[in-house]
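Subject: Structure handover and notes

Hello,

Please find below the structure I said I would pass on. My notes come after it.

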Amino acid sequence: MRRNELLLATGTRESEIERRVTGVQSDMKRKWDNDDTGDNKRMPKEESAPYVIVVHGPPKVGKSSLIKSLVKHYTHKTLADITNPLRSYFFFPGGQRRIQFVECPNNVNGMIDAAKYADAVIFLIDASYEFEMETFEFLNLLRVHGMPEVMGVLTYLDSFTNVDYLKKTKDYLKDRFKTEISETAEVFCLCGLDHGMYSKDEICELASFISLMEVHPLSARAGHPYVLVDRFEDVTPPEEVGMHNECTRDVILYGYLRGSVIEKGTKVHIAGIGDFHLAGVTRVADPFPLPPVDGHNLEVDLDEVTYLEIESFKPGTYLMFEVRGVPSEIITSRPPCQPILVGGITPKEENAAYMQADLKQHSWHTKSLKTNNPIIVSVGWRRYQTTPIYVREDRHGRYQMLEHIPEDTPCLAVFWGPLAPPNTRVVAVQSLADHEAAFRILATGVVLNNQAAKIVKKSKCIGTPCKIFNDFALIKDMFTSDDEIDQFKDAKVKTESGIGGEVATKELLSTVKWKDVQPTEGIAKCSFQSRIEKCDIVSMQMRTPVEVPCIFNPLTTALQLSNHIWQSLDTGDKSIIKQHNFDISKAHVVVIAEEGKIATGGLREYLIEAFEKDLRSDLVQKRETLEYRGAVLIVPRVSFPWMAEKKKQKRISEKKTFLVPCYYHSRRVE
């Protein structure tokens, strides 16, 4: 029976449907609750969703070629084009495993989302350029959201003509990969392409590892339902679109449920689009089911009627989400290769309020984050711009506002935004523009609670004496009203010459003889340790309350064309504007010195100048699609005997000031 026919069924037909649904569900529950004996041996095992393997690497490093080669290995078919996410699922002979490949976008939004759904990651490293900035950015995001299984693949090894140099480069990069990324990671080598495909033997080795690797579920995802969308359909009535092309759309999203159980009526967040109520959740046929258990080709007696009546769905179920009222840009403007991530949110998470997070600035970010400056945060499934106040709790339990976030230690960040439960991971970035910063990760942290905080900041009130007596004086310009004086009664004051005192009370102005015009209010009587002079300036340290701005700006990047940059709250950032005037080859190079610290000032300029030739190598000029592309260049204490540029390294090692290992981290510009 079709769905619309079912919804219109009435009378005895409805009663019959209810009896069928109740009977089938009760029968299923009995069978699944029993041990693996009798008839239950013939029931298929509960299937988990396919493992998502994210293929990550800078532009032009060989991601698409690797996916095509793996697909050909598993299916013996040639894949013409890569669509993202790739709707190809495979199981391995002798095992019950399915995988799904996703080519990770290099933009900030794509990498943040991929870090939330990746079960395993293949890092592609161009051996001719070594490590690049995107690798370290994505690595930091993975560490925030939970480190999955990772493996490395070295490409462009065919560009080396010297066999000894090639061997030492491979050994060196493998060692660096294990040091920088994971000690237990496996690293594979791909020597070259033949008709757009990598060597069968090399791909077979990588594929065998994928088929046997242990994929551990990440606890951070277990409590939240989410779907990585395979495909979506626009089911808006054509007559509505014909009347107004920009009308809101009704869409159907398909994908495997992961994480936890999802119920009908759940509200979801579609990354880069917004929050929506699910108009319908339906279980549909698995596009790539696992083979039957014990060789039995059985079918579970569940038809479409039963699916419509199920109130909740387990992870691993292939679902169809019906979402209504989605902006039309999801059809007209959404980047076609950007994966769509849908995450379930609780009723509490639908509200906006204050949040406190433990936040630490990344050591590679060159500028200290300033209180009240807008930043873009990823909290849970959402991304939005907010204006945090950075604070530190003093010994008296007061929350003192900080002008800047500390460089080396975490601090408390209080901001306004959609609520997220405690222990939710937080990532902060400055801008979504791919080339406005050398390293795009500002800070990382975790949500502590969903409470407001009474924040104060230190300030100084200054006044001058208008009447002086032996041990007290009348001070003007320090307070604006008599009520304010009453609030600060007994507060400590001090002159610039060091004479201490305190606020006594407000002065009855009518009892004092004035040479000039009599003031109306705000004159404080202050007692002092000794007589002060007319020229003394009196100051009082005070703490004033600080309000956290109740504003946040949701990101709708999935509704924009790929060549458009999402506009932030503050588009007049002078530092960003100034950065556009820099030479891109130098402005987007971060020099990492000893103990992970960034090299600045003269040291940074010296190293950039010394290695200018390496940053603009001839290999770069051969890539017509790249304006500039820089690798991670290591400046060791002792130069490697197999490296060609010995003279420059010798100049560095001879200067004792620069006897530290340094790395160049740069980003390619397409």
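The notes below start with the chain as a whole and then go through its parts.

This is a predicted model, in which local features need pLDDT of at least 70 and side-chain atom pairs count only at pLDDT 80 or more, while totals for chains, interfaces and linings use all residues. Residues are numbered from 1 along each chain as its sequence is written, and side-chain values use heavy atoms, with hydrogens and water left out.

Overall

The protein chain holds 18 helices and 34 strands; helices (H or I, at least four residues) and strands (E, at least two) are DSSP runs, numbered from the N terminus. Of its 670 residues, 50% are buried. Here buried means under 20% relative accessible area, exposed means over 50%, and partly exposed is in between (1.4 Å probe, protein chains only). Taking contacts between residues at least 6 apart in sequence, 77% join residues at least 24 apart, a contact being heavy atoms within 4.5 Å.

Cores

The largest nonpolar core has 49 residues. Helix 5 (residues 133–145) gives the largest share of this core, seven residues. The term covers a set of buried Ala, Val, Leu, Ile, Met, Phe, Trp, Tyr and Cys residues joined through side-chain atoms within 4.5 Å. Val-54, Tyr-117, Val-121, Phe-123, Phe-138, Leu-141 and Phe-177 have the most contacts inside the largest core. Not counting residues up to four places away in sequence, Val-121 touches Val-54, His-56, Phe-138, Leu-142, Pro-148, Glu-149, Val-150 and Met-151. Another core lies apart from the largest one; it has 25 residues, including Ala-120, Leu-124, Phe-188 and Leu-190.

The buried set includes Asn-109, Asp-113 and Lys-116. Asn-107 caps the N-terminal end of helix 4, with a side-chain oxygen 3.3 Å from the backbone nitrogen of Asn-109.

Asp-119 sits in the loop between helix 4 (108–117) and strand 3 (120–126). Asp-119 counts as buried because its relative accessible area is 17%. Its side chain makes a polar contact of 3.4 Å with that of Arg-221. A polar contact is a pair of N or O atoms within 3.5 Å; within protein, one must be able to donate a hydrogen and the other to accept it, and residues adjacent in sequence count only if both atoms are side-chain atoms. Leaving aside neighbours within four places in sequence, the residues in contact with Asp-119 are Pro-50, Tyr-51, Val-52, Pro-148, Glu-149, Val-215 and Arg-221.

Helix 7

The end C-alpha atoms of helix 7 (residues 200–212) are 18 Å apart, which agrees with the 18 Å that its 13 residues should span at 1.5 Å a residue. The expected span is 1.5 Å times one less than the number of residues. Glu-202, Ile-203, Leu-206, Ala-207, Ile-210 and Ser-211 are the buried residues of helix 7. An α-helix has 3.6 residues a turn, so residues three or four places apart point the same way.

Cysteines

Searching the whole structure gives zero disulfides, a disulfide being a pair of cysteine sulfur atoms within 2.5 Å. For Cys-191, the nearest cysteine sulfur is that of Cys-189, 6.6 Å away. Cys-191 is partly exposed, with 34% relative accessibility.

Strand pairing

Strand 29 (residues 524–528) pairs antiparallel with strand 26 (residues 472–476) over four bridges, and five bridges join strand 29 in the antiparallel sense to strand 28 (residues 500–506). Two strands pair if DSSP finds at least two bridges between them. Lys-525 is the bridge partner of Leu-474, and Ala-524 stands opposite Lys-506. The covered face of strand 29 is made of Ala-524, Cys-526 and Phe-528, and the uncovered one of Lys-525 and Ser-527.

Strand 30 (residues 538–546) pairs antiparallel with strand 25 (residues 455–468) over nine bridges, where Ile-455 has Val-546 as its bridge partner. Strand 27 (residues 492–495) also runs antiparallel to strand 30, with two bridges; Lys-494 is partnered by Ser-539.

Positive phi

Tyr-156, not a glycine, has a positive phi of about 60°. Its place is the loop between strand 4 (149–155) and helix 6 (163–180). Asn-372 is not a glycine either and has a positive phi of about 75°; this residue lies in the loop between strand 17 (352–361) and strand 18 (375–379).

Regards
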